[in-house]
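Please examine the model shown below.

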Amino acid sequence: MAEATLRVFRGDSNGGQTVDYRVPVAPGMVVLDALHYIQGHLAPDLAVRWNCKAGKCGSCSAEVNGRPRLTCKTRVDDLPQDQPITVLPMRSFPRIKDLVTDVSWNYRVNRKIPPFEPRKGVEWKISQLDVDRVQEFRKCIECFLCQDVCHVLREHDKKEQFAGPRFFVRIAGLEMHPLDGLNRAGLLKDQLGLGYCNITKCCTEVCPEEIRITDNAIIPLKERVIDEFYDPLTMLFRKLHGQQRSH
Amino acid sequence: MTANYETREHDVLIIGAGGAGLRAAIEALAQGASVGVVCKSLLGKAHTVMAEGGIAAAMANVDAADNWKTHFRDTMRGGKFLNDWRMAQLHAQESPDRVHELEQWGALFDRTENGDILQRAFGGHTFKRLCHVGDRTGLEMIRTLQDRGVQQGIDVYMECTVTRLLTDDGRVAGAFAYWRETGRFIVFKAKSIVIATGGIGKAWRVTSNSWEYTGDGMALAYEAGAELIDMEFVQFHPTGMVWPPGVQGILVTEAVRGEGGMLRNRAGERFMEKYDPKRMELSTRDVVARSIYTEVKEGRGTEHGGAYLDISHKPAEYVKRKLPSMYHQFKELADVDITKGPMEVGPTCHYMMGGIRVDAETAQSTVPGLFAAGEAAAGLHGANRLGGNSLSDLLVFGRRAGLAAAEYARRASPAPNDSAQIAEAEKELVAPFSNAGTESPYAVHRDLQEVMQNLVGIYRTKDDLERALVELEKLNARAAKASVEGSRLFNPGWHLSNDLKAMLIVSEAVTRSALARTESRGAHSRIDYPNVDAIWEKKHNIIVRQAGGMNRSESRVQEMPEELKQILAAD
């Protein structure tokens, strides 16, 4: 049987190094299968976070040959066979052990976002067209690969000022919900740092759900913020009539 | 005393953060209780996320003739009349409200032309009844509940595993747990506890279930003295992936058949004509799973030992819109384009109908203060669950469990946690670090999966089941000696050594119950007793812990009131 070498990071918050493991390759095998083989036969304490192994839960994120990916959807036979496959933890988050990182910051950011609030007296009729547009954002499986690759977080570590692509996707889903009555533009501008994004589209490239994060979520949100805060006509209208804002 | 653990206190402690746990938490919180939710994974990763096809609720948006009575009748017939009739009634009556509620919390379902929630056909349902979001309904549901719960103020203990319930004079008093990340211990004090830990599929080799599905909640309840019921009824979903090997068992949603997918054998025959000519591919899951199994067994299977499931006669755009994750799953993992050709599918261990015995109205188990909801609880689905009834189950009985647990907590006085129980739990948990020898928890798990797969699968016999009991005893002995290396810092081998105990308990309960039920009914098929037996239609198997070990007994099926009998008799 063919074999592959996996070069896996072993270590914790104090540091570590990569270790090579030889793994037999079965047809259609994914990187997560190979990691499970290592756990079951070579290194029982290898820390890997995973759940469904079907691309639906977004738990098994790592950097495979330098690219942020879900290990359950990365086929071994799609990678070069003549060199070791490197598997490293996501770099934007603090390491806990081996491939497991501390992603709790994401959950703290999420708490800042006011949830769906229907407009008063709304009739619960929605057209499929409106649903389709929003469902793109609601496909997000929270794998945090977009957060991992985003240079505002990865290179500049602006975690206090910047929410990251994942949460712009969530807010886009709320703001474009046909029955939602809140306005989160102020929050985006002042607390979630939407302005830091300079639309390099790295997030879109790594999204396993193929959400067009930059084009369909971030840019429309940026337009909303501009309309809301920098458009003279809107500012005048608001002065005259008043408008509900979440922040 | 300097404790080895931190302590947290809540009125209501919920174990499990899938649909049932989160719905229970939201309800208990609404009642004014302080609520803690403990989950083995990160929040939002629970198995509910994998539910695909939809939520069954008789809303009559597509088929105007639908109503709760028909849903009740379909559920009872699907469950071969072993269901708790009161649960089936409540479920059918309350599901539409629970779905509307989700929508009001922000869930976005697919729509009809009129702008209402769209409903699709599914096996065993008379009418188009499943509210859905393409083929990722579970994700929509869990995200909605998660955001709602967090915003309302639940405390979530992520990546934390409960290993023992603490009791005081027969009632629950708390729970002992460890943080997966650090390996440190945590003790919860709680007036009531809701178990919402899901199923047991990881005891089988071919399964659609995630690693979390190790039967923890059922084992915790069992150890605390609660009764388990209907444990022989394990659902094998007819359509899991069969190729390549690494993806074997991954679910192929019933929505493929709901949207018109056809099953064929190697010779190209639509074989369901032989097994259920009336309902064909949309027969109940037990029937379709056995039909595929039989086709393969008799030599008419596909190249990799399955059946063909084909939806490629539908327009490619339609398939991609209604079944997007199936499209991607096959394209990426199996190199198959389902808009152009058939999928290969075969049965996969999917769902546990049996579980913790609960009261229909309150979801309370036979242990005071201990509640259970969702897959961990039993009763609603009887001998076979209809697709779509699990998500509605989570909402209806999750809410009821949360409500009743909060009420119980309001009346209950705080119970002390017993330091002897805590010390014992601690000792048991760390034992694998001091076990000498080379027994690997991974090896024990692999062997357990083979035993359950080969001896306690779709078709069962007395000989196989008796052999399984012997094997399980050996596995128990091996598991007790399993040793782990490394530290307590995020150590999966150690985590598995603990999960193994739960898997072994539920596996034994399934096997003992299956051996006792000398008939074939729903998901339980005995080759040596191929027919239904009128005597067993009136009996449940009950499993309870006793001094000498696991005890099995029987209890009578509850008599149904006359007006419900009339609903069942109608056509």
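**Strand pairing and domain layout**

Biologist: In this predicted model, which residue stands opposite A:Arg7 in S5(A)?

Modeller: A:Arg7 has its counterpart in S5(A). Strand S1 (residues 3-12) of chain A pairs with S5(A) in the parallel sense, over three bridges. The residue opposite A:Arg7 is A:Thr86.

Biologist: Which residue of S5(A) stands opposite A:Val64?

Modeller: Strand S3 (residues 61-64) of chain A is joined to S5(A) by two bridges, and the two run antiparallel. Within S5(A), the residue opposite A:Val64 is A:Val87.

Biologist: How many residues of domain 2 of chain A are in contact with domain 1 of chain A?

Modeller: Chain A is divided into domain 1 (3-101) and domain 2 (104-241). The centres of these domains, taken over C-alpha atoms, are separated by 31 Å. Domain 1 of chain A contributes 11 residues to the contact, and domain 2 of chain A contributes 12.

Biologist: What is the make-up by class of the side of domain 1 of chain A that touches domain 2 of chain A?

Modeller: The contact involves 11 residues of domain 1 of chain A. By class, that side has four nonpolar, four polar and three charged residues.

Biologist: What percentage of the residues in chain A are buried?

Modeller: The secondary structure of chain A comes to 10 helices and seven strands. Its C-alpha atoms fill a box of roughly 75 × 40 × 25 Å along the principal axes. Of the 247 residues in chain A, the buried share is 47%.

Biologist: Among contacts in chain A between residues at least 6 apart in sequence, what percentage join residues at least 24 apart?

Modeller: The count concerns contacts in chain A whose residues are at least 6 apart in sequence. Those joining residues at least 24 apart make up 65%.

Biologist: Which are the edge strands of the open sheet in chain B?

Modeller: This sheet has three strands in the order S3-S5-S4, with antiparallel pairing. Two bridges join S3(B) to strand S5 (residues 130-131) of chain B, and B:Ile55 stands opposite B:Cys131 in S5(B). The strands that pair on one side only are strand S3 (55-56) and strand S4 (119-120) of chain B.

Technical notes:
Residues are numbered from 1 along each chain as its sequence is written. Chains are lettered from A and ligands numbered from 1 in the order in which they are written. This is a predicted model: local features need pLDDT of at least 70, side-chain atom pairs count only at pLDDT 80 or more; totals for chains, interfaces and linings use all residues. Domain bounds come from an automatic or database domain assignment. Two residues are in contact if their C-beta atoms, placed from the backbone, lie within 7 Å. Ala, Val, Leu, Ile, Met, Phe, Trp, Tyr, Cys and Pro count as nonpolar, Asp, Glu, Lys and Arg as charged, and the others, Gly among them, as polar. Two strands pair if DSSP finds at least two bridges between them. Helices (H or I, at least four residues) and strands (E, at least two) are DSSP runs, numbered from the N terminus. A residue is buried if 20 or more other C-beta atoms lie within 10 Å of its own, exposed if 12 or fewer, and partly exposed in between; C-beta atoms are placed from the backbone.
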